[in-house]
Amino acid sequence: MRWALVKVSLAVTAMVVVAFAVPLGLVIREMARDRAFAGAEREAAAVAPALSITTDRDQLERVVASAGSDAGMAVHLPASGARADDTDGGAGRGTEIGRRRAGDEDIAAVREMGRASTAEVSGGFALLQPVALSTGEIAVVEVYVPESAVTNGVGTAWAVLAGVGIALIVGSVAVADRLGVRMVQPAQRLVEGAHELGEGKLGARVPEEGPNELRLAAVAFNSMADQVVQLLANERELAADLSHRLRTPLTVLRLNAASLGEGPAADQTRAAVEQLEREVDTIIRTARDAKPQTAAAGPGAGCDAAEVVRERMGFWSALAEDEGRKWRVAGADRPVRIPVARADLAASLDALLGNVFRHTAEGTAFAVDLHNGEDAVIVLVSDAGPGIPDPEAAMARGRGSGHDGSTGLGLDIVRRLAESTGGDVRIGSSVLGGTEVRIWIQLDGRAAPARRGHRGTVRRRRTPRPVSTFNRSRSLP
């Protein structure tokens with residue numbers, strides 16, 4: 001905006017200067033020309049009274065000498081008005097006093113028309129002024145006007161006009177630049193404040209100054225920032241309160257689980273209750289501390305994805321055995337480090353596997369595949385169920401499937417986990433004939449591609465799928 005104002009000011013001022021300076025310069029040149037020829041007319045007029053009285057050469061030479069310089073003035077008398085011994089070699093020119101510069105044609109034309117005229121001569125111009133003699137004939141007074149006299153003062157005047165024009169242009173550009181700075185600086189501060197607020201700096205505010213429109217924008221921005229802070233505070237308090245309310249039913253579940261006795265089912269129930277209590281505690285601490293649950297992990301942070309996959313499949317395998325489901329784990333036989341917190345990855349796997357058990361019939365097979373690449377780790381959770389008819393609706397936060405116990409937040413948790421690393425989530429068809437959810441976890445922290453088909457899904461290169469083999473009694477690697 002600043003340079004745009006400077007360019008507009010430069011263009012407008014330059015056009016105004018040209019529009020006024022060029023005509024004024026031409027007027028100054030015409031005035032100098034008129035001034036030079038007016039002086040020549042006065043010199044010619046000084047000789048006219050003498051010509052009306054006498055045509056004697058000696059007397060006319062004295063008159064010409066007193067009127068000016070005989071080098072710049074000449075008198076042309078007609079041949080019949082001059083004495084015979086004064087003729088110029090019998091050429092019929094008559095008497096000529098002074099230095100002649102004009103041609104015979106120009107002199108004859110002035111004598112014939114009877115009015116003054118100018119003729120271009122070498123080094124300038126010649127003013128030819130007709131004068132009536134006492135005999136009724138016409139004499140011509142020639143006054144030489146040099147080129148320097150015609151242009152006297154014109155160059156200086158043009159230089160002054162050019163200097164004034166340049167000063168006007170420089171001044172207008174300086175004023176436009178100051179106005180641009182006054183407009184641009186508040187806009188830049190507004191942009192910086194928006195970036196800071198977008199980065200999570202909730203204390204970002206902008207000074208309410210500058211032009212009226214930008215000042216109003218700053219007031220609106222500060223008001224919006226205050227509302228955002230208040231809304232986030234209310235949301236954190238609400239999340240903490242709701243999580244705290246879960247402690248009572250969790251206490252009942254823990255007491256009931258303790259009375260189940262011994263056995264694999266009882267142990268898994270008690271482990272699930274303990275994990276649920278830990279998750280509730282985490283939610284409360286996160287809400288109170290105003291820290292996001294899923295954040296970019298720094299160097300050395302993260303977890304072993306293979307270990308988490310083995311652990312969660314160990315938990316779900318017992319339920320799979322009870323429902324007669326075939327299951328398979330691939331790629332979890334060696335460590336795979338990812339920049340994701342262990343609890344977040346476990347929550348995402350539980351959400352996906354829980355969907356498999358919740359939305360597919362008993363006996364439906366499922367698989368979890370872990371692929372370790374140079375720049376990304378891919379987790380594939382696939383099943384042999386009926387599939388998802390509308391993947392976009394399934395990825396929408398809070399939509400759910402409409403069944404009891406479905407909140408529509410499971411896939412959103414998975415999406416946020418992947419996007420926190422610059423990755424993505426995509427839903428497709430698996431080789432088992434059902435649904436395949438692919439979690440792309442970026443290792444180098446690069447942002448996810450901008451080309452998106454719908455929220456939470458992006459188009460990437462297709463990942464080759466492993467050959468599916470199922471063994472109901474297959475143990476974890």
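What share of the 477 residues in the protein is buried? Buried residues make up 35% of them. Buried means under 20% relative accessible area, exposed means over 50%, and partly exposed is in between, with a 1.4 Å probe and protein chains only.

Before I go on, some ground rules. This is a predicted model, in which local features need pLDDT of at least 70 and side-chain atom pairs count only at pLDDT 80 or more, while totals for chains, interfaces and linings use all residues. Residues are numbered from 1 along each chain as its sequence is written, and side-chain values use heavy atoms, with hydrogens and water left out.

So, confidence. pLDDT is the predictor's confidence in each residue, from 0 to 100. The mean for the protein is 77, and 80% of its residues reach 70 or more. Over residues 291-299 the pLDDT is below 50, and beyond near neighbours in sequence this stretch has twelve contacts in the model. A contact means heavy atoms within 4.5 Å. Residues 446-477 also have pLDDT below 50, with 88 contacts in the model beyond near neighbours in sequence.

Next, the overall layout. The secondary structure comes to twelve helices and 14 strands. Helices (H or I, at least four residues) and strands (E, at least two) are DSSP runs, numbered from the N terminus. Of the contacts with a separation of 6 or more, 66% are between residues 24 or more positions apart.

Now the inside. A nonpolar core is a set of buried Ala, Val, Leu, Ile, Met, Phe, Trp, Tyr and Cys residues joined through side-chain atoms within 4.5 Å. The largest one has 37 residues, and those with the most contacts inside it are Met-313, Ile-338, Leu-345, Phe-366, Val-379 and Val-381. Several elements each supply at least two residues of this core, among them helix H9 (305-323), helix H10 (342-359), helix H12 (410-419), strand E11 (424-429) and strand E12 (435-442). There is also a second, separate core of 22 residues, which includes Ala-36, Leu-51, Phe-125 and Leu-133.

Let me stay with H10. Buried residues in H10 include Asp-344, Leu-345, Leu-349, Asp-350 and Phe-357.

Side chains of opposite charge can pair when their charged atoms come close. A salt bridge is a side-chain nitrogen of Lys or Arg within 4 Å of a carboxyl oxygen of Asp or Glu. By this rule the count comes to 13 salt bridges.

Asp-350 and Arg-312 meet in one of them, at 2.9 Å from N to O. This pair links distant parts of the chain, with Asp-350 in helix H10 and Arg-312 in helix H9, 38 residues apart. Both residues are buried, and for Arg-312 the relative accessible area is 5%. Arg-312 also forms a salt bridge with Glu-311, where the closest N and O atoms are 3.8 Å apart. Glu-311 is partly exposed, because its relative accessible area is 39%.

A further pair is Asp-424 and Arg-438, which meet at 2.7 Å from N to O. Asp-424 is buried at 0% relative accessibility, and Arg-438 is buried at 6%. As for networks, salt bridges that share partners join Glu-307, Glu-311, Arg-312, Arg-342 and Asp-350 into one.

Leaving out residues up to four places away in sequence, Leu-197 touches Leu-202, Ala-204, Phe-221, Met-224 and Ala-225. Leu-197 and Ala-225 are 28 residues apart in sequence and 7.5 Å apart in space, C-alpha to C-alpha.

Asn-222 is in helix H6 (residues 212-245) and is buried at 8% relative accessibility. What does the side chain of Asn-222 reach? The side chain of Asn-222 reaches the backbone oxygen of Val-206 at 2.9 Å.

Leu-417 is in helix H12, and is buried, with a relative accessible area of 1%. Its C-alpha atom is separated by 8.2 Å from that of Ile-441, which is 24 residues apart from Leu-417 along the chain.

Notes:
A polar contact is a pair of N or O atoms within 3.5 Å; within protein, one must be able to donate a hydrogen and the other to accept it, and residues adjacent in sequence count only if both atoms are side-chain atoms.
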